[in-house]
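Subject: Structure handover

Hello,

Here is the structure we spoke about. My notes follow below it.

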Amino acid sequence: MFADRVASRVPVPCAAACLVALAGCTTFSDTIQSTEQSLARQQPQVALTQYERLSPSGADRVLHLMNKGMLQRMAGDYEQSTRTLEQAKRGVEELRALSLREQALSVAVNDATKSFIGEDFEQVMVNAYIALNYLEQGKLDAARVEALQVDLLLREKAQSAPNSPYVEDAFARYLTGIVYEDEREWSDAMIAYRKAYEAYQSQLKSFGVAVPETLKHDLIRLADRMGLTEEARGYRQEFAIKETPSVAELLERGEIILTVHSGLAPIKRERAATVLNPATGRFLRIALPQYRSRAQPLAYARLSAEPASASSSRVESIDAIAVKSLESEMPAITARAIARMAVKDAAASAASHSGGNSSGSSAAAGIAGLAINLAAVLTERADTRSWFTLPGEIQLARLSLPPGDYKVRVELRGHDQGVLDSREIKIALRKGEKKYVSRHWIPTNLEVRP
Amino acid sequence: MSGVRSLRIGLALLALVAASGCATKVERLDESQAVDLSGAWNDTDSRLVSQEMIQDSLSRAWLQEFRGRPGQARPAVIVGEVRNMSHEHINTATFTLEMERALINSGKVDFVAAKTERRDIRDERKDQDLNARADTRNAMGKELGADFMLTGTINTIVDPSGDTQVRFYQVNLTLISLADNRKVWVGQKDIRKLVTRSKLRF
């Protein structure tokens with residue numbers, strides 16, 4: 001009844017003005033094309049400046065912080081990036097509680113009116129990237145704090161959604177293992193490596209990432225160090241690895257740990273259908289989100305310094321995780337979209353039938369009904385918000401070297417073995433020291449959202 | 001028409017409420033008053049730790065024992081690293097500085113400058129050698145060597161279940177004798193918190 005009371009009192013010019021305003025309502029992803037183009041031109045600093053110009057709505061605050069933090073990291077400003085991502089983390093914490101107002105809006109208008117707090121994997125990635133920032137700055141203890149938070153977060157996720165395809169993050173576990181090993185907390189490192197190994201195995205089908213080559217050696221090394229001879233033997237057999245340096249041998253050398261963050265996360269787009277219902281003469285529209293993967297030209301990275309070299313292996317496919325996570329949520333999203341369609345249609349129907357007997361008021365009601373129907377159709381947008389500056393995939397390589405000064409070459413190779421990118425970095429290694437380096441690489445022919 | 005009028009009044013009231021929330025409001029708090037907002041480590045925790053540690057360190061045997069040694073008046077302490085092994089980013093300087101201040105003011109303990117502070121002081125002394133008047137110069141090589149080093153750790157255990165979690169913080173501080181690695185004092189402060197997250201928001 002409320003709808004028809006409002007409809008009968010809304011003057012026509014006002015409704016028209018509302019329509020114009022609504023037609024201009026674009027989704028978040030429409031505004032980030034230029035940022036992506038700058039990234040493809042290898043200009044992260046420009047991309048950051050462009051992105052910072054956007055003023056996000058209240059509901060998009062966390063998303064804005066996530067993207068900004070990542071762009072700051074790509075531009076090499078780790079300190080600012082950590083600060084921004086910490087804000088995003090706090091934002092998620094504050095917004096986790098259910099908002100009845102936003103729930104109502106999401107049924108009446110669209111899902112994009114809800115405050116963005118990211119999918120589970122996006123929340124874990126915030127911690128992972130803060131940890132990487134700290135590691136690259138040589139702040140191991142601070143990275144350990146993030147590692148503990150990842151543990152907590154994953155424990156909570158496992159409790160709240162035990163059946164989701166993403167209950168474990170193999171890469172995040174692996175990274176925490178590396179942090180604990182660097183802290184020489186062998187038992188914690190062993191547990192984390194083991195959890196990573198289990199996650200890679202159980203998620204192989206859904207995410208398509210096999211147990212990384214480096215992790216196989218890490219498992220054997222730590223199992224040996226812990227005196228778990230049976231387990232170590234099992235790993236040796238399973239991975240067909242005979243020789244691997246022991247913890248003691250590794251501590252005599254230094255180590256370079258390289259992470260390559262390649263490409264961008266898939267594009268979240270809208271898939272919508274608008275039909276005219278001949279029975280009522282009103283439009284019906286339904287809009288759902290859909291991921292579109294971008295091509296991944298990187299095959300592997302080669303890390304070489306006289307006299308040794310190492311190749312990277314894939315440790316995380318954010319592309320696959322994003323697609324599968326959305327797939328598992330599709331039933332709920334679809335149900336909400338259908339409910340929304342019904343609510344909006346009922347409002348339009350109530351408005352068009354609200355007129356009295358006089359011809360004037362029934363004509364006004366007809367216009368009001370049409371206005372509400374059009375507004376309903378125009379506001380029906382899919383929630384296409386996602387942390388688009390995340391890489392499509394992450395690769396990792398470990399290279400141990402005797403202490404000394406090195407010129408390290410990082411070569412990115414394509415699927416045809418061609419060199420996609422090559423860079424030299426100077427690294428000084430001390431005994432027992434681990435240096436963390438990363439490379440964000442976006443292909444020049446990146447598929448930019450339309 | 002009464003419906004419309006009440007709607008207007010309601011809207012006006014709403015605007016008023018919204019507007020009143022716009023101005024920044026500052027309220028000064030007594031420093032001993034506990035205000036917990038997010039459940040994370042805050043000033044109250046830091047204060048509780050320093051209070052406990054100051055009281056404990058001044059009342060234990062190591063101080064008497066040191067002063068009883070021939071030719072020794074006050075032990076000299078240097079602040080080492082307090083490692084944060086917890087799941088939160090915690091600034092440990094707040095309670096080590098508080099402790100340093102209280103111990104110095106007690107007149108029973110001397111503190112010597114820590115590694116990073118020393119560098120600046122030595123630079124200044126070097127500068128004095130060149131630029132200061134001869135009778136005001138401070139010579140190199142006359143620094144007071146520390147007898148003890150204060151180190152420590154913060155550890156946490158978090159037990160989450162749904163929207164509730166129990167957070168347990170344990171702060172350990174240790175005084176280690178630089179002469180023979182003996183631990184002469186270990187202070188400990190435990191803090192437990194029950195944090196319940198709100199299920200609903202506006």
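A residue is buried if 20 or more other C-beta atoms lie within 10 Å of its own, exposed if 12 or fewer, and partly exposed in between, with C-beta atoms placed from the backbone. With 24 C-beta neighbours inside 10 Å, A:Gln72 therefore counts as buried.

Some conventions before the rest. This is a predicted model, in which local features need pLDDT of at least 70, side-chain atom pairs count only at pLDDT 80 or more, and totals for chains, interfaces and linings use all residues. Residues are numbered from 1 along each chain as its sequence is written, while chains are lettered from A and ligands numbered from 1 in the order in which they are written.

**Around A:Gln72**

A:Gln72 is part of helix H5 (residues 61–74) of chain A. Helices (H or I, at least four residues) and strands (E, at least two) are DSSP runs, numbered from the N terminus. Leaving aside neighbours within four places in sequence, A:Gln72 is in contact with A:Leu48, A:Asp77, A:Gln80, A:Ser81 and A:Thr84. Contact means that the C-beta atoms, placed from the backbone, lie within 7 Å. A:Thr49 is 23 residues away from A:Gln72 along the chain, and their C-alpha atoms are separated by 9.7 Å.

**Helix pairs in chain A**

Helix H4 (residues 44–53) and H5(A) have axes that come within 8 Å and cross at roughly 155°. Axes are lines fitted to C-alpha atoms, for helices over the stretch in contact, and angles run from 0 to 180 degrees between N-to-C directions. H4(A) and H5(A) are therefore roughly antiparallel to each other. The cut-offs: under 35 degrees is roughly parallel, over 145 roughly antiparallel, 65 to 115 roughly perpendicular, and the rest oblique. H4(A) and H5(A) cross in the left-handed sense, that is, with the near helix turned anticlockwise from the far one by less than a right angle (clockwise would be right-handed). A:Leu48 and A:Tyr51 are among the residues of H4(A) in this contact, and A:Leu71 and A:Gln72 are among those of H5(A).

What is the sense of the crossing between H10(A) and H11(A)? It is left-handed too: H10(A) passes H11(A) in a left-handed crossing. The axes of helix H10 (residues 170–182) and helix H11 (residues 186–202) of chain A come within 8 Å and cross at roughly 160°. These two helices are therefore roughly antiparallel to each other.

**Strands**

Two strands pair if DSSP finds at least two bridges between them. In chain A, an open sheet of four strands runs in the order S6-S5-S9-S10, with antiparallel pairing. Its edge strands are S6 (308–311) and S10 (419–429), each pairing on one side only. Strand S5 (residues 298–305) of chain A and S6(A) share four bridges. A:Arg302 stands opposite A:Ser311.

In chain B, strand S4 (residues 164–177) and strand S5 (residues 183–196) pair in the antiparallel sense over 13 bridges. B:Gln170 has B:Asp190 as its bridge partner. S4(B) and S5(B) form a hairpin with five residues between them, and B:Asn181 in the turn has a positive phi of about 65°.

**Between the chains**

The contact takes 15 residues from chain B and 15 residues from chain A. S1(B) gives the most to the side of chain B that touches chain A, with three residues. Strand S1 (residues 98–99) of chain A pairs with S6(B) in the parallel sense over two bridges. There, A:Leu98 stands opposite B:Leu200.

Best wishes

Methods
Contact = placed C-beta atoms within 7 Å.
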